[in-house]
Structure formats: C-alpha cells, structure tokens
Amino acid sequence: MITALDKDRIRLRDQARELAQGPIRARAAEVDRTEQYPWDHVDAMKDAGFLGMTIPKAYGGQSKDWLDAVLVIEEMAKTCSIAGRIAVETNMGAVSAIMAYGSEEQRKLAADMVLSGDKPAICITEPDAGSDASGMTTRADKRGNRYVLNGKKHWITGGGVSRLHLIFAKIFDEQGNFEGVGGFLAIRDETQGLEIVKREPTMGLRGIPEAEVAFNDMELPPSALIMPPRGLKKGFADLMTAYNSQRVGAGTVALGIMEGAYELALDWTEEREQFGRPINEFQGVQWRLADMSIRIAAAQALIYKAAESGKGGFPDKIMAAQAKIYTSENAIQVVNEALQLFGARGYSRNLPLERMARDVRMFTIGGGTAEVLRNVVASGLLGKKLPQTRDGYMPKMQAAE
Ligand code: FAD
Ligand code: COA
C-alpha cells in the first residue's frame, strides 16, 4: 500500500516540477544535440536543494527518504533524462554506499563533493564482466601501507566529468590471498594511474559521458577502502545492497520519461484533428491512451513501493528489481505508443519523442539487465541460489589461485 503524498512531499514535487518544466525543459534538446554535460542543470538542481538530499543532515544534506528523491527524479526525467540521472547519482548508488559504510572522513569528503555539484561515478562493469559482475578482474593488491589497483572498467556514467569514483575491486593480501570485493574511493585528477580512456558514442542519454576508465598501478592508501559492515568477505553483497537504491532511481528515470511522453501525447491527440474531429475521439486512440495510463500507474506504484521499502536502510532487492524490470520495459512501450500517436511529427528531431525513444531504451540494460534482474527476483522467490555458471567454471581470478 503506497502512502499518499503528504503536504511536504507535494510541495517538493511541485518545486521539482517547476524547475523541470522551466529551465530544464528549455535546454533538454540542446543537451542531447551537443552531448555536453549540463553544468547549468547541476547548478539549478544544487540551488533547489535536489543534490545530495538523501545525505544525512550531519554531513550537510537533508536526510530525505528515497521516496523524496524519487519524486524529484521523476519530475526531472519527464522533461530531461539527463537531469533525472544526475538526481539519481547524487542521491543514490555510490553516494549512498559511502554514507552507509564509509568512515567519517569518507562521508565528509563525499558529502562535500556531491553537495557542491559532483556526480560520483560508480565503477563496477568491465569488458569481460557485465552481468557477471562477480567475475570482475580489477584487483587491489596490498603492498605495505598501500593498495595497488590494476584493471579496466567500461560504460562508466560520468567518466571524464565525475571527480569522485567508487571502484569495485577484488582485494588480495600481501601473500596474494583473495580477501573479497571492496569499494575504493579515488578522485580523478588527484590520483595517479586513474585514466579516462575513451567515451562511448551512445544511442541516447547523450548529455552524460559513458567512458572506459583504466587503473594502471593506481596507488591508494588503506583509508580509501570502504569497509563494508560485514567485512570484506561480504563486501560485494553489502555494496550491491546499497546499489539497490540506484536500481530504484534508474527505474524512476524510465518512469519520468514515459510520463513525459504520455503527457505530450494526451495534449496532441486533443489538438490534432483528422476526418473532422480530434484524433482522441477515435476509440483506437482512446484505448491506446488508456493502456498507456495503466502501464504508468502500475510502474509508479512499484517504484514508490520499492522506494518506501528502503526507509531507514536500502530498498529491498526483490522490490527494486521488480520495479526496474516493469518500469523499464513498459516505458519503452509507452514512449513508442506516444511517438506513434504523433504520426510523422513523432519521427522528427524537432519534437522530443525521438530523443525520449533513444533515451528510454537504455533502462532494460544499465544497472542490471531485465533478464539478470529476473534471476534476482526468481532466486528471492524460490529462496534458492541459482548458479549461472557452468559446473566446474571458476571466475578467472580464483581459478588462478
Ligand atoms: P552482458 O552481461 O554481456 O549481457 C548480454 C546479454 O546476455 C543481455 O541481454 C543479458 O541480459 C544476457 N544475460 C547475461 N547473463 C544472463 C543470465 N545469467 N541469464 C539470462 N540472460 C543473461 N556499469 C557501471 O559499472 N557503472 C556505470 O555507471 C554504468 N553505467 C551504464 C550506463 C549505460 C548507458 C549503460 C548502457 C550501461 C552502464 N553500465 C554501467 C553497465 C551496465 O551495468 C551493464 O551494461 C549491464 O550490467 C550488462 O552488462 P553487459 O553490457 O556486459 O551485458
Ligand atoms: N542486493 C543485496 N544483495 C545482493 C544483491 C542485491 N541486489 N545482488 C547480490 N547480492 C548478494 C547475494 O545475496 C549474495 O550474498 P550471499 O553471499 O550472502 O549469499 C552475494 O551478493 C553474491 O550474489 P550472487 O547472486 O550469489 O552472485 P553471483 O556471483 O551469481 O552474481 C550478480 C550475480 C549479483 C552479479 C548479478 O545478479 C547482478 O546483479 N548483475 C548485474 C550487475 C549490475 O547491476 N551492474 C550494474 C553496474 S552499474
């Protein structure tokens, strides 16, 4: 059961809506066309208090709930997916992991950076380890009072604009024994060996770079390691627990995009006349609009419910996965339907529908594919671990042990 939005939340949503429908909307097409990271959007969201809302008050944030962040992300994404994603990544994912598991010093650092406009990058995926994130080969070797990191990540959102990086790596002790997966903090331009290799030419979401990031003998002090609460052996599980927040956030961007497209279609079908009447007087169009609204209502309910499941902690992994699967898949459908309702105009770059169609396509992929998230849901429902690897297969690094 979803809690009805109280007065404070309605005020927050309306404030976000005003910003999104004003300056954010005005620049959305240009951000896509120029493929430039929208620092003006960052400043506007910072001034409105939308960056780092979930950071505890003790570190300068507002101690807001996931649902508060969701309301802001949803409004931003209705007009600009990039603004939505910036709101996700300054409130969820990496920053939330640091706030939950980081040392006092790490929390202060991350809070200061995010509240002053940095969108942290989360570095998990590698060329040979995407869905199979546990198969990562980036390694951190303990050498005296340092960790030495080597490896390569790709499709890192914000690579080249983000300064703070949260890097997932396999940790080995001085003797070369595997200890578990940890998260390291490194600041671009202040850390030797952290290199932004190249930017991907993406289909959509062009206002944020997706980059390959390499670590070449990158030395970090032990204070750069985020020590998860249950120790290194459970480090990966704890980091993924924090990552559930980002899955809810990604689903929310998809939700916002489909709502934005639907709202455009609703207005257009009233305005556009064919055969002497508004096209929304044809039953074929009415049923299409009705189906779109049902998909949106269901997606929104799942997202809000998943966000609320994380009150005081992190969103439930099954609810986060369910919400992201449903929303990302239905968002593609709804945007496609909206585009169809515009006829030829929908196919034009003069309207936002084609941009929305490119942007929305991402969300069944990034942040855990819809297929892999179905595995997460199924293993939770069945209460069984569902090994995906072939018998006898060992991830490269353990095999070498
Ligand atoms: P693969 O794992 O190679 O999957 C290929 C296909 O096989 C998919 O359809 C997949 O569902 C299917 N498949 C794989 N395993 C199974 C299975 N067990 N059962 C059923 N089907 C399976 N990563 C980061 O670390 N940080 C980021 O900031 C980041 N941002 C991203 C932004 C964008 C725009 C995109 C597109 C990706 C981003 N990623 C990021 C990477 C993203 O998380 C991965 O793309 C995703 O986890 C899938 O990995 P992959 O691309 O290697 O696909
Ligand atoms: N929330 C909480 N815990 C999680 C989790 C999540 N979303 N995903 C995995 N875990 C925990 C598991 O419960 C397990 O804990 P346990 O050791 O206490 O049993 C541990 O992490 C390992 O998970 P498991 O599913 O056994 O690992 P696997 O080696 O088969 O890996 C994943 C599967 C986790 C990599 C895969 O499900 C996945 O999420 N892939 C997508 C990666 C992704 O989202 N990348 C986005 C980059 S931005």
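1. Helix α7 (residues 235-271) and helix α10 (residues 353-360) have axes that come within 10 Å and cross at roughly 155°. That makes α7 roughly antiparallel to α10, a label for angles over 145 degrees. Axes are lines fitted to C-alpha atoms over the stretch in contact, with angles running from 0 to 180 degrees between N-to-C directions. Helices are DSSP runs (H or I, at least four residues). The α7/α10 crossing is left-handed.

2. This is a predicted model, where local features need pLDDT of at least 70 and side-chain atom pairs count only at pLDDT 80 or more. Residues are numbered from 1 along each chain as its sequence is written, and side-chain values use heavy atoms.

3. On α7, the contact (heavy atoms within 4.5 Å) is made by I257, G260, A261 and L264. On α10, L353, M356, D359 and V360 make it. By class, the contact has six nonpolar, one polar and one charged residues; Gly counts as polar and Asp as charged.

4. Ligand 2 has 19 residues around it (a heavy atom within 4 Å); S134, K234, N244, R247 and K385 come nearest. The side chain of N244 places an N or O atom 2.8 Å from a nitrogen atom of ligand 2. For R247, the side-chain distance to an oxygen atom of ligand 2 is 2.7 Å. For K317, the side-chain distance to an oxygen atom of ligand 2 is 3.2 Å.

5. Ligand 1 has 20 residues around it, with T125, S131, W155, T369 and E371 nearest. A polar side-chain atom of E371 lies 2.6 Å from an oxygen atom of ligand 1. A backbone N or O atom of I122 is 2.8 Å from a ligand 1 nitrogen atom.

Definitions and conventions
Chains lettered and ligands numbered in written order. Helix = DSSP H or I, 4+ residues; strand = E, 2+ residues; numbered from the N terminus. Parallel < 35°, antiparallel > 145°, perpendicular 65-115°, else oblique. Left-handed = near helix turned anticlockwise from the far one by under 90°. Polar contact = N/O pair within 3.5 Å; in protein donor to acceptor, adjacent residues only side chain to side chain.
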